[in-house]
Amino acid sequence: MLSIKVLGPGCSNCEKVEAHTKQALGMLQPEGGYELTKVTDPLTISEYILKTPGLVINEAVVCEGRIPDASEIMSWLANALETAEN
Amino acid sequence: MQPVTFVLDLLWAGWTGLLDYLAAHVLLCLVPAFVIAGYMSAMIPKEAITRYLGPKASRWISYPAAAVGGFVLAVCSCTILPLFAGIWKRGAGLGAAITFLFVGPAVNILAIAYTGAAIGFDFALARIVLSIIFGIGIGMLMAWLFRAEEARRAAEMQDNGMFDQTTAVPRAVWAVFLLLIAVLIVGTLQVDLLTGTWFDVRLPVEAPGGLLATLEDLSLTPQGALLILLLLLIAPVAYLGLEHVLEGFNRWTYVSMSLVALTLLLAAPQVTQGSLVVGITGRFVGEVILLVVIGTVAARSFERHQIAEWLWETWRFVKQIFPLLIVGVFLAGMGKAILPEQWVQTLAGRNTLWANLIGVLFGVFMYFPTLVEVPIARMFLDLGMHRGPLLAYLLADPELSLQSILVTGKILGRRKTAVYVVLVTIFSTLAGYIFGLALSVI
């Protein structure tokens, strides 16, 4: 199962990342399901990244400090699925 | 009918307070300030600063870099805490990290610009200079106080390479950054070269008879009224053009950019009271030149998506901060009408250490959203608070909100956080006191 974390304290940037991520998930429909969490605690966020917003897939940071669009997120999700299978 | 008249008077006080602020004065400073904030957030990568904050960096570099970092990287209060936690946990010295934590909210570009326009440039300058000096001071003090722990931490810290990451920041980025700051300064500095009229232009239109008189009743000049209209116009246009700018530009995007440039130009000239003679000031000429240069350089050196990110970050800050600010100004206007001057003047009317401490304590216990502390400070100033305690309040308020103290506690641990809070309190009180003394001497 894919673990996806959106990192951000709640301002419009991390909300956009979350929206794009949901879009990407909707288009991709990953097998085995997924778990999407929003991390807002600054301490936990800082364990992954320095500059919000951030996106973490299967505990790997894929994006930091900017807002990726849905197609980018889809390709990262697809990569993560592939690596998980191997 | 007493309570009704009272409430109406109150609302009117809030309303005129609002108009006062929205007029030429504040637009001239807040508009470029938001644009600069968005620019720094979008265009300046954190690696440009964090490379100087590592444990191997010499103190002469890491402390100033932390101070600069506080200014450049920490525009949004939501970014300061994760950044602080991140750099400290990954090996930055405690001193540099603390300096960053302190300077960030204190030297926030929006707050500085607004403080300058609403209260005075002496204030804004004092805020910058004293925040940096004391930020570095507090950082060094804490690094010294906890030197044994820090030495142990440095020995244990794995070299994780975070501080070795560098990025090449193109010269155009720094150039436009400096130009934008120039726009802010040229737009707001009260200096003869800028405020003096170079030549006059008589507008080829006739003002409708009663218009000037009605505006005066509302304490507005025609220039101020036009600017407020422009501001009201920008809001929906900016929404249409910028809300989805990351997905692509549309014609409203261009319209909003032009309107923003227009507000700067409209606010710059000097309109002779009660007539339609417009004085072209040095400010106006300066702004035209700067805006043209910025437009050309940005169009040539930046890619479409970079400009989109810049616009998005600017818009995001406006959405986040401006509505609350309007409410804050309105409330401050009302507060000014209700709060008894006696109280303010007894507690903080003179520059004593005690009065400064009260200013700091007020800042700690009263929570105001970003930027709202400035109109509140203005209100106190008008009610008779001395400028010393006022500065103490303005320094302490963004630093010591209950929320940031709690989170800092989780990051640093309770002992260090307690020391930090005490140091900030002492230094803010001192800073205000010194500022008050300096004012009476100059």
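Predicted model: local features only at pLDDT ≥ 70, side-chain atom pairs only at ≥ 80, totals over all residues.

1. B:P375 belongs to helix α19 of chain B, which covers residues 373–383; helices here are DSSP runs of H or I with at least four residues, strands are runs of E with at least two, and both are numbered from the N terminus. B:P375 is buried, with 29 other C-beta atoms within 10 Å, where buried means 20 or more other C-beta atoms within 10 Å of the residue's own, exposed means 12 or fewer, and partly exposed lies in between, with C-beta atoms placed from the backbone.

2. Residues are numbered from 1 along each chain as its sequence is written, and chains are lettered from A and ligands numbered from 1 in the order in which they are written.

3. Helix α10 of chain B (residues 171–188) has 18 residues and should span 26 Å at 1.5 Å a residue, which agrees with the 26 Å between its end C-alpha atoms; the expected span is 1.5 Å times one less than the number of residues. Among the buried residues of α10(B) are B:V176, B:L180, B:V183, B:L184 and B:G187. An α-helix has 3.6 residues a turn, so residues three or four places apart point the same way.

4. Between the chains, 19 residues of chain B are in contact with 14 residues of chain A, contact meaning that the C-beta atoms of two residues, placed from the backbone, lie within 7 Å. On the side of chain B that touches chain A, two or more residues come from each of α5 (77–89), α16 (304–338) and α21 (402–412) of chain B, and α5(B) gives the most, with nine residues.

5. Chain A contains three helices and four strands, which follow the pattern β-α-β-α-β-β-α along the sequence. Its open sheet of four strands has the order β2-β1-β3-β4 and mixed pairing, two strands being paired if DSSP finds at least two bridges between them. The edge strands are β2 (34–39) and β4 (60–64) of chain A, each of which pairs on one side only.

6. Within that sheet, β1 (residues 2–7) and β3 (residues 54–57) of chain A pair in the antiparallel sense over four bridges, and A:I4 stands opposite A:I57 in β3(A). Four bridges also join β3(A) to β4(A), which run antiparallel, with A:V56 opposite A:V61 in β4(A). The hairpin of β3(A) and β4(A) has two residues between the strands, and A:N58 takes a positive phi near 50 degrees there.

7. Chain B has an open sheet of three strands in the order β1-β3-β2, with antiparallel pairing. Because β1 (197–202) and β2 (270–271) of chain B stand at the edges with a single partner strand each, one side of each is left without a neighbour in the sheet. Two bridges join β2(B) to β3 (residues 277–281) of chain B, and B:V271 stands opposite B:V278 in β3(B).

8. Finally, buried residues make up 37% of the 86 residues in chain A, and the C-alpha trace of chain A spans about 30 × 20 × 15 Å along its principal axes.
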